[in-house]
Amino acid sequence: MRCGGWSEGWCVRLPDPALPAATATIAAMTLQKILAPLVGIGLLIAAWRSYGWLGVAFAVTGIVMFLLLHFNRTMTVLKRAADRPMGYVGSAVMLNAKLKPKMTLLHVVAMTRSLGLQRSPKDEQPEVYRWTDGGGSYVDATFADGKLVQWELTRPPQDGADAPATAMGDLPPA
């Protein structure tokens with residue numbers, strides 16, 4: 001898709017992420033998946049050493065509460081998204097303005113209150129989703145490992161945008 005001319009519509013495109021940046025994102029996601037359980041185990045060990053079984057019970061209660069809060073947020077977002085048409089957003093331009101790099105897919109679904117239409121093959125990275133508004137504008141968002149890496153706003157061409165201004169001779173008499 002070209003974004004060069006007015007006749008093709010307006011198009012806002014962020015640069016493709018560089019290979020080292022994508023590798024760093026994948027490494028950060030892997031580190032996060034390893035680090036979170038290690039922090040939980042470290043919390044349990046510290047609780048055991050400080051307060052014995054009472055400390056372990058308190059630490060387990062805190063960890064379970066943390067997991068329940070995240071589960072509850074995920075279910076709330078998906079429940080709201082289930083009530084809306086898939087891939088629809090009120091304004092694609094406003095969605096484009098609110099998107100930021102490294103946002104999670106869950107955060108974007110919470111903002112749009114709609115599941116995006118998947119444009120990429122299933123279970124392949126990166127994943128591409130599309131949200132369209134009533135005017136025909138749409139945002140294609142690319143997620144690598146669940147994090148937003150690129151997005152593109154495409155607006156439909158305006159019919160009167162390329163029309164020249166009327167000359168004085170073309171005006172009706174007053």
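The expected span of a helix is 1.5 Å times one less than its number of residues, and helices (H or I, at least four residues) and strands (E, at least two) are DSSP runs, numbered from the N terminus. The model is a predicted one, in which local features need pLDDT of at least 70 and side-chain atom pairs count only at pLDDT 80 or more, while totals for chains, interfaces and linings use all residues. Residues are numbered from 1 along each chain as its sequence is written, and side-chain values use heavy atoms, with hydrogens and water left out.

Let's begin with helix α2, residues 53-82. Its 30 residues reach 43 Å from the first C-alpha to the last, close to the 44 Å expected. Buried residues (under 20% relative accessible area, with exposed over 50% and partly exposed in between, using a 1.4 Å probe and protein chains only) in α2 are G55, V56, A59, V77 and A81.

Now step back to helix α1, residues 19-51, where V39 is found. V39 counts as exposed because its relative accessibility is 53%. Together with L31, I34, L35, L38, I41 and I45, V39 makes a nonpolar surface patch of about 670 Å². Such patches take residues with over 30% relative accessible area and no salt bridge, joining nonpolar side chains (Val, Leu, Ile, Met, Phe, Trp, Tyr) within 5 Å and like charges within 9 Å. A salt bridge here is a side-chain nitrogen of Lys or Arg within 4 Å of a carboxyl oxygen of Asp or Glu.

Next comes strand β4, residues 138-144: seven of its seven residues are buried, so the strand is largely enclosed by the rest of the structure. In a regular strand the side chains alternate between the two faces of the sheet. In β4, Y138, D140, T142 and A144 point one way, and V139, A141 and F143 the other.

What does β4 pair with? Two strands pair if DSSP finds at least two bridges between them. Strand β3 (residues 127-132) is an antiparallel partner over six bridges, with Y129 bridged to A141 of β4. The β3-β4 hairpin has five residues between its strands, and G136 in the turn has a positive phi of about 95 degrees. Strand β5 (residues 147-154) also runs antiparallel to β4, joined by seven bridges, and its L148 stands opposite F143. Two residues separate β4 and β5 in their hairpin, where D145 in the turn has a positive phi of about 55 degrees.

Finally, look at S120, in the loop between β2 (117-118) and β3. S120 counts as buried because its relative accessibility is 13%. Its side chain reaches the backbone nitrogen of V128 at 3.1 Å.

Key. Areas by Shrake-Rupley, 256 points an atom, 1.4 Å probe, with all protein chains shown as cover. Polar contact = N/O pair within 3.5 Å; in protein donor to acceptor, adjacent residues only side chain to side chain.
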